[in-house]
Amino acid sequence: MLSLLKRDLSLATRAGGGFGLAVAFFLILCALVPFGVGPATTALRPIAPGILWVGALLACLLSLDRIFALDHEDGSLDLLATAPIPLEGVVAVKALAHWITTGLPLVAAAPLFGVLLHLPGSAMPWLVASLLIGTPALSMLGAFGAAITVGLRRGGLLLSLLVLPLYIPTLIFGTEIIRRGAERGDPATPILFLAGITAGVVALVPFAAAAALRVNLR
Amino acid sequence: MSIWEYANPVKFMRVSGAMLPWVVASAVLCTAGGIAWGVLTPEDYKQGATVKIVFLHVPAAMMAINIWVMMLAASLIWLIRRHHVSALAAKAAAPVGAVMTLIALVTGAIWGQPMWGTWWEWDPRLTSFLILFLFYAGYIALWSAIEDPDSAADLTGVLCLVGSVFALLSRYAVLFWNQGLHQGASLSVAPGERMSAVYRYPLYLSMLGFFLLFLALLLIRTRTEIRRRRLAALQAREMRA
């Protein structure tokens with residue numbers, strides 16, 4: 001499993017792997033929003049948590065179809081399916097690799113983009129915390145969507161239609177953490193909910209994703 | 001005699017063919033009767049004539065949720081027992097459910113405009129219906145995207161299971177996110193909240209009508225799917241010969 005993780009990470013970071021594209025997309029999104037709503041602090045500050053979370057969601061979505069598509073094309077997915085480790089483990093490792101290459105850079109870059117959107121300093125720790133807790137769920141659910149659409153030639157658009165509704169609870173609790181943090185409220189409740197969602201998703205979704213992969217590899 | 005015998009397509013076709021005229025007739029009768037009776041009810045002292053939209057709105061909303069539950073049950077039966085009729089029934093039910101969701105959303109908007117002064121409000125109930133509609137859309141899109149019918153049935157079945165969990169999760173997450181404007185349960189039995197009998201009985205009839213309407217559409221659509229399968233099988237045999 002560790003070698004699979006290493007392999008996926010090195011494939012992602014080498015040329016053509018698309019590493020960092022998600023962060024660049026995130027930056028562009030955060031740069032576009034002020035053009036849309038105006039540069040005033042009063043306009044940007046209230047919507048900053050939402051923009052940052054929706055941006056993270058979309059940036060995460062961009063690279064989802066790569067989780068299984070390339071391996072499916074060159075046949076290594078079939079090899080992985082017959083490998084001694086269970087397919088559920090393969091799915092979990094691939095989602096983890098996706099999170100390390102997409103989710104983690106987003107978490108690291110988010111405070112910088114928060115400054116761009118005039119997010120108050122008191123909300124910054126909560127922004128990082130909420131993304132850190134929430135993005136693993138995004139990667140795992142994305143892996144499920146990718147597993148369902150892996151056999152399709154033009155699965156990209158369908159993938160976003162399938163995956164985005166699944167992201168709604170994560171988005172709701174994620175932004176709620178930042179909003180409460182910024183207003184010096186008590187963010188403990190949404191943090192617990194978000195952590196619960198992530199834990200449940202990481203524990204259970206690999207089974208659904210592996211089931212979908214088995215159908216597609218039949 | 002067990003219920004699983006109807007998983008045999010031949011038997012299903014025979015029984016559903018015999019049932020269909022009766023179901024269609026009673027569906028038309030109950031739906032038309034319920035709505036007509038609803039239109040003839042006296043106007044509400046606060047809401048005026050707009051109250052009558054409830055005879056469309058509540059049954060459609062009820063069916064929108066129940067059809068998803070039926071799809072969940074059918075998907076489970078398919079995934080566990082591999083009965084093709086069950087998978088086809090889930091496929092056949094999805095567009096009906098999507099339309100029911102749409103009817104509930106549209107009639108709600110038409111009612112909300114004069115009553116709440118807005119076509120749309122990000123109220124938990126409205127929002128979760130919009131989310132339910134998105135789930136229906138994704139489910140239907142996945143069915144139409146996959147060519148192999150058995151893989152499509154498997155993948156949509158898995159999606160339906162995961163989607164059900166997340167639809168339910170979203171339902172309660174949106175409660176957390178925004179306070180509601182929508183009134184509580186329409187058919188509350190608590191005294192004082194209970195709907196007046198003048199409106200209640202036509203509503204019951206209309207709900208029965210919508211249920212029968214769904215049953216009729218489900219039978220027709222499932223029969224169509226089975227025939228489509230048979231046609232595809234015949235064509236495949238032709239190609240081989």
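In the predicted model, Leu141(A) is in contact with Val163(A), Leu166(A), Tyr167(A), Val201(A) and Val205(A), leaving aside its neighbours within four places in sequence. Leu141(A) is also among the residues with the most contacts inside the largest nonpolar core. That core has 139 residues. Val91(A), Phe144(A), Ala147(A), Ala209(A) and Ala212(A) share this standing with Leu141(A). Helix α6 of chain A, residues 87-116, gives the most to the core, with 14 residues.

Ala95(A) lies in this helix, α6 of chain A. Neighbours within four places in sequence aside, Ala95(A) is in contact with Ser139(A), Met140(A) and Ala143(A). Ala137(A) stands 42 residues from Ala95(A) in sequence. In space, the C-alpha atoms of Ala95(A) and Ala137(A) are 9.3 Å apart.

Elsewhere in chain A, helix α3 (residues 41-62) packs with helix α9 (residues 168-182). The angle is about 145 degrees, and the axes of α3(A) and α9(A) are 9 Å apart. Their crossing is right-handed. From α3(A), the contact is made by Pro49(A), Gly50(A), Trp53(A) and Leu57(A). From α9(A), the residues are Leu171(A), Gly174(A), Thr175(A), Ile178(A) and Arg179(A). By class, the contact of α3(A) with α9(A) comprises five nonpolar, three polar and one charged residues.

A helix pair was also examined in chain B. Helix α1 (residues 9-40) of chain B packs with helix α6 (residues 197-240) of chain B at an angle of about 150 degrees. The axes of α1(B) and α6(B) are 7 Å apart. Angles over 145 degrees count as roughly antiparallel, so α1(B) is roughly antiparallel to α6(B). The crossing of α1(B) and α6(B) is left-handed. Their contact has 21 nonpolar residues, eight polar residues and one charged residue.

The two chains also meet. In total, 19 residues of chain A are in contact with 23 residues of chain B. Four helices of chain A, namely α7 (124-149), α8 (156-166), α9 and α10 (188-216), each supply at least two residues of the side that touches chain B. This side of chain A divides into 16 nonpolar, one polar and two charged residues.

Note on methods
Residues numbered from 1 in each chain as written. Chains lettered and ligands numbered in written order. Predicted model: local features only at pLDDT ≥ 70, side-chain atom pairs only at ≥ 80, totals over all residues. Axes fitted to C-alpha atoms, helices over the stretch in contact; angles between N-to-C directions. Parallel < 35°, antiparallel > 145°, perpendicular 65-115°, else oblique. Left-handed = near helix turned anticlockwise from the far one by under 90°. Nonpolar A, V, L, I, M, F, W, Y, C, P; charged D, E, K, R; others polar. Core = buried A, V, L, I, M, F, W, Y, C linked by C-beta atoms within 7 Å. Buried ≥ 20, exposed ≤ 12 C-beta atoms within 10 Å, placed from the backbone. Contact = placed C-beta atoms within 7 Å.
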